[in-house]
Amino acid sequence: MASRETTVFGTINQTIVVLKIIKHYQEEGQGSEVVQGVLLGLVVDDRLEITNCFPFPQHTEDDADFDEVQYQMEMMRSLRHVNIDHLHVGWYQSTYYGSFVSRALLDSQFSYQHAIEESVVLIYDPIKTAQGSLSLKAYRLTPKLMEICKEKDFTPEGLKKANIGFEQMFEEVPIVIKNSHLINVLMWELEDKSTVADKHELLNLSSSNHLEKSLQLLMDRVDDMSQDIVKYNTYSRNLSKQQQQKHQYLQRRQQENAQRQSRGEPPLPEEDISKLFKPPQPPPRMDTLLIAGQINNYCQNVKEFTSQNLGKLFMAEALQGHN
Amino acid sequence: MSRFFATGSDSESEESSSADEITPKAPGATFKQSLLLSDDEEDTKRVVRSAKDKRFEELTNLIKTIRNAMKIRDMSKCLEEFEQLCRAFLKSKNIVDKEGVPPFYIRLLADLEDYLNQLWEDKEGKKKMNKNNAKALSTLRQKIRKYNRDFESEIAAYKENPQESADEEEEEKEPEDSGSSSDSEGEVSSKSFLKKKPEAPSEATKFLKSAKGSGDESSSSDEDDDDDDDEDWGSDQSGSSGETSDKEEGKTSSMSMLFLKKAQDTEKPGVRKEERKKKLKQKERIEEEAEEEGGEEAGGGWEKVKGGVPLVKEKPKMFAKGTEINTAVVVKKLNEILQARGKKGTDRAAQIELFHALAAIAAENNLGQGILVKIKFNIIASLYDYNPNLAAFMKPDMWKKCLDCIDELLDILFEHNNIFIGENIAEDSENLAVSDQPFRVRGCILTLVERMDEEFTKIMQNTDPHSQEYVDNLKDEGRVCGIVDRLLTYMENKGSTEEICRVYLRRIMHTYYKFDYKAHRRSLGLQGETKSEQDQEESEGEDSAVIMDRLCKFIYAKDRTDRIRTCAILCHIYHHALHSRWYQARDLMLMSHLQDNIQHADPPVQILYNRTMVQLGICAFRQGMIKDAHNALLDIQSSGRAKELLGQGLLMRNMQERNAEQEKIEKRRQVPFHMHINLELLECVYLVSAMLLEIPYMAAHEFDARRRMISKQFHHQLRVGERQPLLGPPESMREHVVAASKAMKMGDWRTCHSFIINEKMNSKVWDLFPEAQRVREMLVRKIQEESLRTYLFTYSSVYDSISMATLSEMFELEMPTVHSIISKMIINEELMASLDQPTQTVVMHRTEPTSLQNMALQLAEKLGNLVENNERVFDLKQGVYGGYFNRDQKGGYQQKQSYQRDQKSYQQKQSGYQRGGYRNQNQGNY
């Protein structure tokens, strides 16, 4: 096991996987809706090769009895029949302005990784892709997080003991996209043929829309974070108050016992203190961590975006000055 | 007189009743008793009645309710009443022991059992019954089974032959009648109470009889008299009594009717029973009458007093023959009638008649105005007493009578200056006799009039406001006002200050809600169109405003009870507001400080306060004070219970929140329909004012994170409008306002205008104002102005500069107005622009942050909060509050503070916040 853990430090995608994912989103996803699918492939040396994928059908309310697992199995069986890699190596998901760090993702990735050690999740950002640069990222849960998830201990103490921060929750796995030579040739040819106007997308100067959306989402997360913190704050206050009470109670008891002893009476019977002072329910901290991770993600996005845009703006300014 | 009630036997009561000669009397036998006052007769009767009849009446009343409940299959009610009945029966045990079980009781038991068995068999019906009823049914069935065991034989007898058993009862009683006097009388009254309502007609027939007697038989023997009467009665009976009983069936409280109606076969004995009863009564009466006829010559003159049953001329016998009618006697008689007042079994209608008769006698004998006034007082009081229930309202004829009486009373009081009336005049110090001294009469005309006013309100409350009847009733308002006015003049001369205040308040209450069209026309400079109208105007006297002013000011100065003053102030404000005297109304409202302590007032005053506030708001709106209008209406409208708050109807609520009792109370508080404030108008005014305030505000604070709502209700309406999947042309008033708001949001004042002012809205709302045209003009102007403001707020970012001429053309406003509006906006820092005089343009300054910048600012603010919260957690970890501040004095927090005060240091703060880096530290600690 230990040796296999280190195996996945690079993934190789076949072009077909990328195209299929893009097509899937284009056809079914729109706006903030998310599309998901299964990745197929195999592990070669220390690389995970993703060679194929198939989408999950969109969930609708009316067919609640739809069995996802069975669907997957059937798909894979069918694929095996036509001699395609049928090993399950993870799943993919589209994202909306980089918002993917959520409890749902964590849970399903955990179950994947728990069952299939080498699973990854591919996050595809259609909006960035539409702006001219393909955005596809592979993530895995860190071993630390895996352990925490296994223990299901999301209390403040548990997380503290595990010493995990939002930075150490997910690890990104580098991606290499590999094409067959024929496709490479085709690409070259296409690039040659393409007009200049096709590439203008890259030079789009309008930034506010994207930024606004990002900020909006960021703000929502920050609000959530605030709430969580307030909750945690109340909890810790309650806890400390109770500690104090407990302490006082114990002291009083001790005094009384001392008095009794001096009078030669038997000491008071032991009582279950934990029953007297039920500790308040600690708020789960995992969500906070996830939110922090998400905020971090947004910030990265914004940073990336703004730095690109700044460059473009400077360029535009220079151009204007030149003219 | 009350001492009689304690006495058991007649002779005793008679002995003590009068100083005149006293002879025990046995009404069963026939003899003549000269000089026996008829009062005594009545007294004895009453005494006996109270002993036994009371019990029996209680029983019959209960039986009646049970029968009613049976009819509507209300089992739970039946059970309840039956339990009460059993208790009542136990209470009257000793009487029952003496008299035997009353037949009607047995009848009920038998019937009830039959009925229950029948219901029990009816499986279908039982299923349909609700749970409570079904439960009550089974309980009741068991109970009555057990209970009826005690009466088995009687019930069996009754069931065997209901007719006979009833007859037997009668026969049993017959001999008793002729036996001891007290017993027979008891019997009579016990029966007479059985048939309570028809008593009046029966009496009437009696009177008729006696009148006849006086004509030809006064000297004939009593024997004859009696026979004759019996015959007469017999022939009469079938006609009048049968008829009356039929007639009364539906509406009266006649108990025996129930038995009569019950079944065909039981009817007969019932009727016969009545006959007997009447005969018996008749017998007694006849004697007295015969006595009295001789002495009383004024027979013919009495007829006009009596209304009552058609064809039957009544003739009350009041005084024994030959009695000298003087004040003392009349007063005594009066007191005697009064004794019966408020007792069960007293026929209130008959009592009123008696009073009338007495008044006539007094007038006849010239006993002077004092006694007349006294009697009138009592007539009116008993008219009010007619309805035992507080919620019930007077019947129209009663009401008319009441008005007439009060009018007459006032007539007398005006004519005779030497009558003193007052509540504080003690009964013994009254001076009713004609003498040199002025009359002194106990009684309060003011209370009577107040009560009359309340009765009027009650009548109006209980009439369907959309019927012709309501209009007819409303016509009486004039008379009521007239009476109040007359009383006012009277009181001004005679009454104390408190009384004047009270009567003034009445007057105010009748004035404040009426719009003075006359004064309004005059203020507009229009003369009445025709000569006659002008005359009428002149004859009608001063303006209501002047009257209100005078009356209210008197109350402000003189009143010592807070309530009257409060009401007067509110009415005064209302009246001002109604006549568009906004500043007076507002000043008065502010000076009175009523807003602070109105919540301690009683509900009717609070309702008046609400009405006043609403009227004030509407007035402000008419005057174009949109903000004031909105503020005044906000409280009433925002609760969504305007209808209830204004006392114009009850909201549908479930019974948990309000039981039947409360509902009754609330119903009594309702304002009569003709005083209502139009709720749609109210809402429209509120919504339009909210629109005029809210839309520019929304446009100005589009990006403001902490934007507050001016009017929740308006927003609610907007949201409702947005939720509509398909937007058709507006139908209701609300939809119109929502559509107009949307247009205004775009600065499109023309569309807005057409939505607010069009034919539909005119007929629904605007035409309700007295100065509709002026209001509409004001409204158009407001719409133009606010649209201009909205336009500038919304679109200033797309303009570099805009010419004021264009704006004035766009919004059809004059240049100076546009100029002033824009200047105001600039001064208030709502619009970042400057005016360029030479070119007459507004030059925009780009200082408004873009939406992205706004967002960034918001984010920064939120982050600030987050940091603060995080610090608290950190503090807790350190165990020392404020530890962070001490530790990081030079660090980011201070900078953050300064940021919150001044947004310009945003960048700086950002860096400080980053530098602080404690979040990361903390996170690491988790």
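A network of salt bridges links Asp404(B), Asp407(B), Asp411(B), Arg479(B) and Arg486(B), a salt bridge being a side-chain nitrogen of Lys or Arg within 4 Å of a carboxyl oxygen of Asp or Glu. The model is predicted, so that local features need pLDDT of at least 70 and side-chain atom pairs count only at pLDDT 80 or more, whereas totals for chains, interfaces and linings use all residues. Residues are numbered from 1 along each chain as its sequence is written, chains are lettered from A in the order in which they are written, and side-chain values use heavy atoms, with hydrogens and water left out.

Helices (H or I, at least four residues) and strands (E, at least two) are DSSP runs, numbered from the N terminus. Asp404(B) is partly exposed, with a relative accessible area of 34%, and Arg479(B) is likewise partly exposed, at 28%; buried denotes under 20% relative accessible area, exposed over 50%, and partly exposed the range in between (1.4 Å probe, protein chains only).

Over all chains, the structure holds 40 salt bridges. In one of them, the side chains of Arg734(B) and Glu683(B) meet at 2.6 Å, N to O. This pair links distant parts of the chain, 51 residues apart, with Arg734(B) in helix α35 (residues 733–745) of chain B and Glu683(B) in helix α33 of chain B. Arg734(B) is partly exposed at 38% relative accessible area, whereas Glu683(B) counts as buried at 10%. A further salt bridge joins Glu868(B) and Arg872(B) at 3.9 Å, N to O; both residues lie in helix α41 (residues 851–878) of chain B, 4 residues apart, about one turn of the helix.

The largest nonpolar core comprises 154 residues, of which Ile445(B), Phe621(B), Met691(B), Ile756(B) and Trp766(B) touch the most other members. Helix α33 (residues 679–700) of chain B contributes the largest share of this core, 13 residues. A nonpolar core is a set of buried Ala, Val, Leu, Ile, Met, Phe, Trp, Tyr and Cys residues joined through side-chain atoms within 4.5 Å. A second, separate core of 55 residues includes Phe54(A), Leu105(A), Ile123(A) and Phe166(A).

Chain A has 11 helices and 8 strands, and 38% of its 323 residues count as buried. Val89(A), in strand β4 (residues 88–94) of chain A, is buried at 1% relative accessibility. The C-alpha atoms of Val89(A) and Val38(A) are separated by 7.9 Å, although the two residues are 51 residues apart along the chain.

Between the chains, 20 residues of chain B are in contact with 25 residues of chain A, contact meaning heavy atoms within 4.5 Å. The area buried between chain B and chain A is about 2,200 Å², and carbon and sulfur atoms give 68% of that area; buried area is the accessible area (1.4 Å probe) that two parts lose on being put together, summed over both. The count between chain B and chain A is 1 salt bridge, and the side chains of Asp223(A) and Lys862(B) meet in a salt bridge at 3.1 Å, N to O.
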